[in-house]
There are 2 protein chains.
Amino acid sequence: MLNSVSNHSEASRARGFASPLIQFAALEEKALGRSVPSVQPVLPTLVWHSQVQAPQVSKPLHTGAKADCSNCPTRPLCMPIQLRSTDLGKRDTLLGSTRKVERGEAIYRAGDSFRNLYVARAGSSKTVAVHRDGREQITGFQIAGEFLGMDGIGTGVYTVDAIALEDGLICVIPFKELEEQCGEVKELQHLLHRLMSREIVRESSLLMLMGNLTAEERVAAFLTNLSQRFRDRGYSSSEFNLRMTREEIGCHLGLKLETVSRMFTKLQRRGLIDMHGKQVRIVDVEGLGRV
Amino acid sequence: MLNSVSNHSEASRARGFASPLIQFAALEEKALGRSVPSVQPVLPTLVWHSQVQAPQVSKPLHTGAKADCSNCPTRPLCMPIQLRSTDLGKRDTLLGSTRKVERGEAIYRAGDSFRNLYVARAGSSKTVAVHRDGREQITGFQIAGEFLGMDGIGTGVYTVDAIALEDGLICVIPFKELEEQCGEVKELQHLLHRLMSREIVRESSLLMLMGNLTAEERVAAFLTNLSQRFRDRGYSSSEFNLRMTREEIGCHLGLKLETVSRMFTKLQRRGLIDMHGKQVRIVDVEGLGRV
DNA sequence: CGGTTAGTTGAGAAAGCTCAACAGATGTGG
DNA sequence: CCACATCTGTTGAGCTTTCTCAACTAACCG
């Protein structure tokens, strides 16, 4: 078993949670459309491994190693329950390979020709759109189980930079092969459509945030979203670590880093959160949601 | 032939352009990924029919009428050249039916269960995300040939309201059938993926706009984008009519209506544009692009 | 043709930004 | 393992941009 998987298990056990695989399966039901879907637009996918060290891959995988999906902690997220009973789902390797990335390394760059989708398997990343004059916008943060690269399908060229926020492991999914499989496996096709649609909805929610919310509301919404996703993954929703800097949060929310810092302070003074650097404790979830 | 089609042709001829069908074919090559794709994120799809009256449908189509795609002016946009030679492409009716909509009418509403994608066939629309406290964000404007409803795929429920900006005609494409066809017709599958990806990229560009650009830059970018799309459709890129109010523009760009008005005035004083109400003339395209 | 909606413009208020100083955390090389 | 350099985060003061409120005009609709 990969060490990163062990890390997950250990972290979960240490906090009194059931096995992460069971948790993930529950999440899957929720996240992939079994239960009654929420009407209200959901804020963007922003989750990081809290309490989990950056993965120490003990048996290092070489770049280009064949992916072993049967042991992947993010498998229940990538592959819905309906798929697992199919031929495809029973394979150890679904598609593609894995690749190690170091903190700060580009998974792909704007302008690179589009070949693959990527899934963060361990670690987190950001996607950055760069304006002609150099101004940057972080369009999203991704963590284990979340997809990258869908921006490249439309034009055949990626339109944003995808940068690892920490050392990690990503799955490389050749899109051509994926599309071929989609032609054969209806459930896979539908899953891809849902993933792309979710990305559209995620960005719509961010547009709402940027167009209408105040600085305090944005930061509160950011934390609330984070908290919910930690809860969904079986981690504490009230205590976690941020994986990104204040500047990156600001660049994502359309604020300056000083403003982000001030809003954290303000929320803390209001007794809603308790922050020390990147460590966050949410004191009043309700209150934070009402901001 | 539908009157709305005649309107297109007349408008084009009056301005010395070749038949819109030829123009659209050229656009298709450009828009759907034949030529070298631009690396720089493209601003959102914001085009309206200038110089074209709101469609007067002389032989009224009943709601639910079977769509006759062979005569549709937006066909070359919906269906790429590769598809037309296939069995599917040769059919008069691709999928679905048409529906008349009146100005202000909802094409679908947030919370409605997802069944169809829609394509504006004549007229334009807006998609509006509504926050719990009532604050609104227009996530996009759509015109003939542009798709609506992809936000609903992910959860099975639409997440935004889609409202007609003027009387018009829309194609209704049952998504279930579309997915089935996608399984059989590879090119159709790929087209759908590209359309969804483009929506993702469009929204990323809007995030950049909202996160980084000043009010003046936003309004200039809005007009520039509009202008380019009119040019792409064979209409004048320097003179056109806006189909939405200042308030709607502001709601889309994250500004108040007064600010939008002031920025129009400012751009006019700088000699870049010449506006009278909803009528726009772009005097200095270069300059406007450099704002 | 009168009421309503849409657009413009001004003045003052407010939110967030810039600049700056400083403190704490992190990382690196000797 | 320490010392130094760098990066990250906090806080304050003043400034800029955009918003709010208000008055007015123009365009549109029944």
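The surface near DNA strand C draws at least two residues each from H10 of chain A and from helix H9 (246–253) and H10 of chain B. Here a residue is near a strand if its C-beta atom, placed from the backbone, lies within 6 Å of it. Helices (H or I, at least four residues) and strands (E, at least two) are DSSP runs, numbered from the N terminus. The model is predicted: local features need pLDDT of at least 70 and side-chain atom pairs count only at pLDDT 80 or more, while totals for chains, interfaces and linings use all residues. Residues are numbered from 1 along each chain as its sequence is written, and chains are lettered from A and ligands numbered from 1 in the order in which they are written.

**DNA surfaces**

Around DNA strand C there are 19 residues, of which A:Ala215, A:Thr259, B:Thr245, B:Ser261 and B:Thr265 come nearest. H10(B) gives the most to this surface, with 6 residues. DNA strand D is also surrounded by 19 residues, the closest being A:Thr245, A:Ser261, A:Thr265, B:Thr214 and B:Thr259. For DNA strand D, helix H9 (246–253) and helix H10 (257–269) of chain A and helix H10 (257–269) of chain B each supply at least two residues, and H10(A) gives the most, with 6 residues.

**Helices H9 and H10 of chain A**

The axes of H9(A) and H10(A) come within 8 Å and cross at roughly 100 degrees. Axes are lines fitted to C-alpha atoms, for helices over the stretch in contact, and angles run from 0 to 180 degrees between N-to-C directions. H9(A) and H10(A) are therefore roughly perpendicular to each other, a term that covers 65 to 115 degrees. A:Arg246, A:Glu247, A:Ile249 and A:Gly250 in H9(A) meet A:Leu257, A:Thr259, A:Val260 and A:Ser261 in H10(A), where contact requires C-beta atoms, placed from the backbone, to lie within 7 Å.

**Sheet of chain A**

Three strands of chain A form an open sheet in the order E10-E12-E11, with antiparallel pairing. Strand E10 (239–241) and E11 of chain A stand at the edges, each with a single partner strand, so one side of each is left without a neighbour in the sheet. Strands pair if DSSP finds at least two bridges between them. E10(A) and E12(A) pair over 3 bridges, and A:Glu239 has A:Arg281 in E12(A) as its bridge partner. Strand E11 (residues 273–276) and strand E12 (residues 279–282) of chain A pair over 4 bridges. Their hairpin has 2 residues between the strands, and A:Gly277 takes a positive phi near 65 degrees. Helix H8 (residues 215–232) of chain A lies across E10, E11 and E12 of chain A, at about 85 degrees to E12(A).

**Contact between the chains**

The contact takes 45 residues from chain A and 45 residues from chain B. H7(A) gives the most to the side of chain A that touches chain B, with 19 residues. Because 100% of the interface residues of chain A are also interface residues in chain B, the copies meet through the same surface.

Chain A can be laid on chain B with an RMSD of 0.0 Å by a turn of 180 degrees and a shift of 0.0 Å along the axis. The two copies are thus related as by a two-fold rotation axis. Superposition is by least squares on the C-alpha atoms of residues with pLDDT of at least 70 in both copies. Of the residues of chain A, A:Gly183 comes closest to the rotation axis, at 2.2 Å (C-alpha).

How values were computed: Contact = placed C-beta atoms within 7 Å. Parallel < 35°, antiparallel > 145°, perpendicular 65-115°, else oblique.
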